[in-house]
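Please work through the following exercises with the sequence and the structure at hand. Each task is followed by a solution in steps.

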Amino acid sequence: MSNPFVRIVEPLDPKQPLKKFFNLSKLEDVRYARLPFSIRVLLEAAIRNCDEFLVKKGDVENILNWKVMQHKNVEVPFKPARVILQDFTGVPAVVDFAAMRDAVKKLGGDPEKINPICPADLVIDHSIQVDFNRQSDSLQKNQDLEFERNKERFEFLKWGSRAFKNLRIIPPGSGIIHQVNLEYLARVVMDQDGYYYPDSVVGTDSHTTMIDGLGVLGWGVGGIEAEAVMLGQPISMVLPEVVGYKLVGNPQPLVTSTDIVLTITKHLRQVGVVGKFVEFFGPGVAQLSIADRATIANMCPEYGATAAFFPVDDISIGYLVQTGRDKEKVMCTKRYLEAVGMLRDFKNSSQDPDFTQVVELDLHTVVPCCSGPKRPQDKVAVSDMKKDFESCLGAKQGFKGFQIAPDRHNSIVKFNFEGRDFELAHGSVVIAAITSCTNTSNPSVMLGAGLLAKKAVEAGLTVKPYIKTSLSPGSGVVTYYLRESGVMRYLSQLGFDVVGYGCMTCIGNSGPLPESVVEAITQGDLVAVGVLSGNRNFEGRVHPNTRANYLASPPLVIAYAIAGTIRIDFEKEPLGINASGKKIFLKDIWPTRNEIQAVERQFVIPGMFKEVYQKIETVNKSWNALDAPSDKLYTWNPKSTYIKSPPFFDGLTLALQTPKTIEDAYVLLSFGDSVTTDHISPAGNIARNSPAARYLTSRGLTPREFNSYGSRRGNDAVMARGTFANIRLVNKFIDKQGPQTIHFPSGEILDVFDAAERYKQAGHPLIVLAGKEYGAGSSRDWAAKGPFLLGVKAVLAESYERIHRSNLVGMGVIPLQYLPGEDAGTLGLTGRERYTIIIPEKLKPQMNVQIKLDTGKTFHAIMRFDTDVELTYFHNGGILNYMIRKMAS
């Protein structure tokens, strides 16, 4: 280790003489003590893995001058200790690895060099759907159907676990990736290769940030970037600004962690934290459990930050013990953190670092709330929900509007379900799901839901049978403590049976609604509602027939299911009337914080975690029975509609191609603000009238066999056709929602894929115009791969969400950004022009480039390649091409 700033310190534990650690801190240096804890972890990883780079640039010593360096665009090469993946993003990553092995072999290199260098865990949690619910055997039926649909994908992943070193697969039915990471995979401190060092992780899912709640620095990256990290490439990033979020006060008795995170999400969206770290501090943090902190960190993508970090404190250490981690290792973890000055005491203000900016929240001011109807940052107090929804009905089409004519606001449609007559109206709840890693990892809200269910049943309340209720825990531990505490049977009585261990409703795997319900919604053009304890409610995500979707705590999900409508004022109106004619209000059955904590102390114990996780890799018999090949090169099946060798590396040579000016490009689509990765590359159902459906039909499949876009991410032919296929897409060229655009040479309105194909056949390059926050949402690499395959060469937007910009870079698509104060409106752009983007021979990060229009107008935009490394990727045609050339040579 050549860097004199890093000292190798003698062992902490005399019984483990090899376990040394790097002391980055120079604890006597007051400048180090002023660094945010998240930056300390980032620098430790950068210096430990990329020492030569930092020393050469002379940045190590200077970085300690925090107030100076945060404005100087210092480039940090971050090498995380681990990578985690889920199957929707993991399958295309393994497909890419298999294709890269083929490409390296063709270029004369050793294909086995394409192999994960750092440990990677892939948790299969995105494939299961809510096909069956309200039945005692729903779980088994859903798991059986999951295997029937996805057997080919699972066999491929099992091949990957055998063909690649350092790749571990956690089988389906085990839980949700981030909860499994929190409860089992996370180390907090690594003890490998004879050294201790802080745990850190990147993942191919945007909610990887959940682990920040335990003091492990982590965030989501695109699958393309994760593949490079797995192959040993650091993530090149500009040293981020760090916003200090100070928590003070105590939460009110009726407030849940969900209410707190929805409040923080709205607040930080207003503050503006895209591309920044948020680090929590203040005495209020000490009032929060690790599950509470994880809930807040989980929704980091919804407020746009890169990471949402809670430094390790004694509560974190206690959580490691509670979840069954080895006690000796936990004690070594604590001693290491103390030795390097990274064990936090939130009540000690002298430890508070210097931050770029400080914002504050008094936890006592938080009130019960939901978010919606179309975005997670649109928080609504529960007391205002009825009034807010009714105002949304008539408001102009948008994030808070449905544009329903005033004379139709009270429309009612009668329908029959299972021999009984019911009515639906605007605001009727048709999906109620306790789901997602955001909340099911938190015993306080899950036990709160269970206790509320118990009181509701005892009060004689029920849930209407046509409402699609479901409970999909993030791990088997949840079921364990719900069952042991005696509340599971009450949840089941209200329809909230366990339907699977996976993301399910939160990612759009809601399964079908009853046909009579769908017919009623369609007949009345009703704004039906989904209520879920998830983290995402973007348009078209949860279910095609729920135009309004609200995020809520698990107890509130049950409350709205019982009420059957979102148009209720819980303070003035009863949840229901029991058989005795008594009105039951929400306040009558809401459990107190003391009740919940007493049950949690008694039933959430270390033995549960140990019992569940010691058999996690072998418990699924269907997975164990899968037969998969063990060849190092994958044998592609040309008949497969799930797994296909992608065309990304066709014609790749060792020699670099000089980037060329993009000449006379047509605009494929023109968007406004907040276009999400769900809009660009949906994960849910494949519509029967879509280009992807036509392709699958041509391969002999029936609609029942289509499965979802997410499950078919290993097949580029399906995914290219699924790009911009969201039924809620709003393209400025078209006067209605839908996945269509104008093919300008002919003037025809076509499906987006069909229009792109016409442009490609004629040799015309394409660009996309967009507003603010382009690419918000999931870390979906197909949101960059898909446009690349359609022939999109560049995107011109007002701003980008971090992960999506990185994904575009990874695919060689140029992310262009308007100059400050400019946008399509100020420049008078209609999108009907043709665009020539001048690419200079010599490029530098964030340089301005000239754009010429066929109208004669000229303007400039920022080319958002933010680092020299990203420019290297661009010169190679993308990050994977760069890695192939590197491995082949």
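**Exercise 1.** How many residues line the second largest cavity, and which of them lie nearest its centre?

*Solution.* The model is a predicted one, in which local features need pLDDT of at least 70 and side-chain atom pairs count only at pLDDT 80 or more, while totals for chains, interfaces and linings use all residues. Residues are numbered from 1 along each chain as its sequence is written, and side-chain values use heavy atoms, with hydrogens and water left out.

Step 1. A cavity is a set of points, on a 1 Å grid over the protein atoms alone, where a 1.4 Å probe fits but cannot get out; lining residues have an atom within 4 Å of a point. Grid points are joined across faces, edges and corners, and a volume is the space filled by probe spheres set on the points.

Step 2. The second largest cavity is lined by 14 residues, and those nearest its centre are Pro301, Gly777, Glu801, Arg802 and Ile803. Its volume is about 130 Å³.

Step 3. Helix α30 (residues 802–810) gives the largest share of this lining, three residues. Helices here are DSSP runs of H or I with at least four residues, and strands are runs of E with at least two, numbered from the N terminus.

Step 4. Because domain 3 (239–311 + 346–367) and domain 5 (662–888) both give residues to the lining, the second largest cavity lies between them. The domain bounds come from an automatic or database domain assignment.

**Exercise 2.** Which residues lie closest to the centre of the largest cavity?

*Solution.* Step 1. The whole structure holds 11 cavities of 30 Å³ or more, and the largest has a volume of about 190 Å³.

Step 2. Its lining has 22 residues, and His126, Asp205, Ile507, Arg541 and Ser778 are the closest to the centre.

Step 3. At least two residues of this lining come from each of α5 (87–106) and α7 (177–185).

**Exercise 3.** Which residues of strand β33 are on its covered face, and which are on its uncovered face?

*Solution.* Step 1. In β33 (residues 848–853), Val849, Ile851 and Leu853 make up the covered face, whereas Asn848, Gln850 and Lys852 make up the uncovered one.

Step 2. Two strands pair if DSSP finds at least two bridges between them. Strand β32 (residues 835–837) pairs with β33 in the antiparallel sense over three bridges, and Ile837 has Ile851 as its bridge partner.

Step 3. Strand β34 (residues 858–863) is joined to β33 by five bridges, again antiparallel; here Val849 has Ala861 as its partner.

Step 4. β33 and β34 form a hairpin with four residues between them, and Gly856 in the turn has a positive phi of about 100°.

**Exercise 4.** Which residue forms a salt bridge with Glu148, and how far apart are the closest N and O atoms?

*Solution.* Step 1. A salt bridge is a side-chain nitrogen of Lys or Arg within 4 Å of a carboxyl oxygen of Asp or Glu. The structure holds 38 of them.

Step 2. Glu148 pairs with Arg704, with the closest N and O atoms 3.9 Å apart. Glu148 lies in helix α6 (residues 138–163) and Arg704 in the loop between α26 (691–698) and α27 (716–721), 556 residues apart.

Step 3. Exposed means over 50% relative accessible area, buried under 20%, and partly exposed in between (1.4 Å probe, protein chains only). Glu148, at 53%, counts as exposed, and Arg704, at 64%, also counts as exposed.

Technical notes:
1 Å grid on protein atoms, 1.4 Å probe; cavity = no way out; pocket = protein on both sides within 12 Å on 5 of 7 lines; lining within 4 Å.
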